[in-house]
Amino acid sequence: MHEASQIQAQWLLLLPLLPLIGFAVNGGAVLLGRSLPEKRAAAIACSLVLGSALLATAAFLRVLGADEPIHLVADGWHWIAAGRLDLPILLVVDRLSGLFIMVICWIGLLIHIYSAGYMHGDPGFGRFFAYLNLFMFSMLVLVLGGSLPILFVGWEGVGLCSYLLIGFWYEHLPNAQAGKKAFVVNRIGDFGFLLGMFVLFWAAWKAGAPSLEIQSLSQFIDEISVQSVTLLGVPVRLPTLAAFLLFIGACGKSAQIPLYVWLPDAMAGPTPVSALIHAATMVTAGVYLTARLHFVYAASPVVMTIVACVGAATALMAATIALVQNDIKKVLAYSTVSQLGFMFLGVGAGAPAAGVFHVYTHAFFKACLFLGSGSVMHALANNTDVRIMGGLRKKMPHTWLTFGIATIAIAGVPGFSGFFSKDEILWKVWSSHTLFVPPIVPGHEALTHLLPPLLWSVACVAAFCTAFYMGRVFLLTFHGKSRTPHDIEHHIHESPASMTGVLWTLAIGSILAGYVGVPHFLGGHNRIEGWLGAVLGAVHGEESATIVHEGSAEALLAGLSSLIGIGGLALAWFFYIAKPEIPGKIAGAFQSTYRVLSNKYYVDEFYEAVFVTPVRKFSEAALWKVADVQLIDGLVRGAGRASQAVGRAFARIENGFASSYAAAMLLGAVLVAGYLALR
């Protein structure tokens with residue numbers, strides 16, 4: 001990895017502050033009970049995000065035009081100064097964060113513009129845009145943070161905003177419950193993040209460099225790598241422990257097994273929220289964290305392998321669940337979980353640049369798909385069940401065509417952006433030399449050699465499922481005969497230009513975004529991989545960073561992955577257009593399997609039985625009936641009874657008779673005199 005030079009750029013502080021101003025203006029108006037008119041609220045929110053997007057572009061062009069990697073640095077005030085720890089407000093733009101802020105700002109701006117039309121007439125219009133601006137501020141702080149505590153501030157900020165946005169229509173109880181579920185599950189992951197950060201600081205302290213700045217930690221990783229701690233009698237190196245704990249945080253934020261359960265329920269929020277959270281921003285934060293701390297994971301091959309295995313398992317599990325879902329937004333939600341699994345698979349296989357490349361392309365086609373589903377809902381009175389859709393192609397031509405382009409892109413059809421990034425991940429997994437099974441596992445050498453083709457096979461099955469279920473949703477929604485109830489059908493119309501214009505912009509990106517990573521066997525140079533590689537470096541030595549691109553092997557695998565994508569779409573067409581009776585017959589023949597997939601492997605029920613119900617019963621029995629009712633309420637009531645007793649005692653003395661008072665004074669005088677005499 002090249003040593004990057006630092007260039008002061010104090011204007012970077014404005015980049016996250018602009019949307020924060022928008023939050024203050026719109027949010028302040030809401031708190032004062034004087035919400036701004038819709039046009040003014042949307043104009044303020046969108047214009048400030050546009051300002052951030054322009055600043056992000058300026059920063060990105062600066063790092064893009066440099067021959068060698070550079071860091072644009074903005075120093076604020078000193079936030080934490082205790083002992084040897086001096087932690088300033090530090091924002092950094094390098095090639096990795098520069099790419100992320102471009103995606104966040106420009107995709108976020110498009111979603112803001114789309115929301116102006118989608119949320120028209122909603123009584124919480126101003127509050128919605130205040131939350132959107134706060135989310136943008138938090139996400140920018142997350143990716144710009146030059147230290148782990150600053151990153152964590154943004155990390156918690158997006159968690160708060162996801163809670164507010166998912167439960168935006170909190171008057172409907174399931175929406176509020178979905179927001180609470182997202183909040184609680186993410187707190188579990190955040191606890192792992194905190195522990196991992198503390199372990200890294202402890203390791204840096206022992207190495208004589210107490211710091212939480214990311215650049216400083218990367219410089220002392222060799223000293224940190226030799227340190228270890230004994231857990232349950234087993235020596236564990238500190239980078240391994242830190243990487244594993246940080247990955248728990250990443251699993252929570254990026255919805256990986258076992259902490260993925262919050263994301264499908266997050267569909268309770270307005271559709272623009274789904275696009276903002278699930279496309280390019282919050283859910284990719286875990287991928288960003290893992291890539292940003294690549295030097296920590298590079299020191300732990302075991303954790304890298306865990307990351308790859310969890311990613312592959314999540315990609316397949318979520319893809320199989322999506323096969324049978326009938327809610328269009330739920331299908332896209334599980335699709336996001338699956339695509340995030342692909343990203344982690346790439347990062348875990350020693351190719352963080354490939355994982356980040358898929359983050360970049362996924363932002364376009366998944367945002368287009370979510371906003372396209374929002375356009376459909378806008379026309380169908382917010383109905384999301386694909387079983388009552390069909391035949392929308394002629395009535396909604398712009399939505400149909402843009403949704404179709406994004407569907408082809410996510411399926412991995414050659415020529416579209418998803419093909420380039422997904423194929424790169426598959427190739428990196430197949431040719432990986434970084435996956436490692438520790439010697440404590442029987443047959444570890446054979447398993448180590450078996451892992452790359454095994455994970456590649458799992459990813460290919462997940463890719464086929466992706467093409468099939470996206471083809472299914474597209475065809476059931478836009479093709480075939482209309483199944484829409486008559487009272488809704490006559491209201492169906494194309495969305496306004498503010499929405500379809502955004503859809504076309506994202507659809508064009510779904511085609512063109514991948515051409516920055518044309519692979520070597522097609523005559524390209526995969527510029528994005530080389531460009532990011534200068535920052536991310538080799539994950540497990542030079543061998544993994546310079547994997548030889550065997551043209552014929554890579555071309556063969558790319559051809560196979562292309563057939564998988566095309567085959568999945570073709571099978572969907574055969575099942576739902578040519579022979580629409582087949583899916584029902586298959587579901588009837590495999591009722592048990594269909595039931596398991598429809599109920600999402602009963603994971604939510606398992607969590608409810610094993611974790612939620614016991615905690616709730618313990619809280620009711622111990623914390624409420626004992627601690628609250630008996631202890632706390634008992635103390636309060638006891639204090640009241642004691643006060644009453646004292647009052648009654650004094651009431652007997654303060655009876656209003658002068659003779660009683662005189663006797664009491666005489667008795668007191670005698671007692672005092674007796675005491676003095678005895679002294």
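**Local features of the predicted model**

Ser561 is placed in helix 24, which spans residues 551-578, and the description given here refers to a predicted model. With a relative accessible area of 10%, Ser561 is buried, because the value falls under the 20% limit that defines this class. When residues up to four places away in sequence are left aside, Ser561 touches Phe419, Asp423 and Leu426.

On the surface of the model, a nonpolar patch is formed by Leu160, Tyr163, Phe183, Val184 and Ile188, which together have about 410 Å² of accessible area. Two or more residues of this patch are given by each of helix 5 (148-166) and helix 6 (173-206), and the most is given by helix 6, with three residues. Phe183, a member of the patch, lies in helix 6. The relative accessibility of Phe183 is 31%, and this residue therefore counts as partly exposed; the value is also over the 30% that a residue needs in order to be included in a patch.

A positive phi in a residue other than glycine is found at Asn382, where the angle is near 70 degrees. Asn382 belongs to the loop that runs between helix 16 (352-379) and helix 17 (397-411), and at 52% relative accessibility this residue counts as exposed, because the class begins over 50%.

Tyr602 likewise has a positive phi, near 60 degrees, and is a residue other than glycine. The loop that holds Tyr602 lies between helix 26 (591-598) and helix 27 (603-653). Tyr602 has a relative accessible area of 33% and is therefore partly exposed, whereas Asn382, at 52%, is classed as exposed.

Note on methods. Residues numbered from 1 in each chain as written. Predicted model: local features only at pLDDT ≥ 70, side-chain atom pairs only at ≥ 80, totals over all residues. Heavy atoms only, no water. Patch = residues over 30% accessible without salt bridge, like charges linked within 9 Å, V, L, I, M, F, W, Y side chains within 5 Å. Areas by Shrake-Rupley, 256 points an atom, 1.4 Å probe, with all protein chains shown as cover. Salt bridge = Lys/Arg side-chain N within 4 Å of Asp/Glu carboxyl O. Helix = DSSP H or I, 4+ residues; strand = E, 2+ residues; numbered from the N terminus. Buried < 20%, exposed > 50% of the residue type's maximum accessible area, 1.4 Å probe, protein only. Contact = heavy atoms within 4.5 Å.
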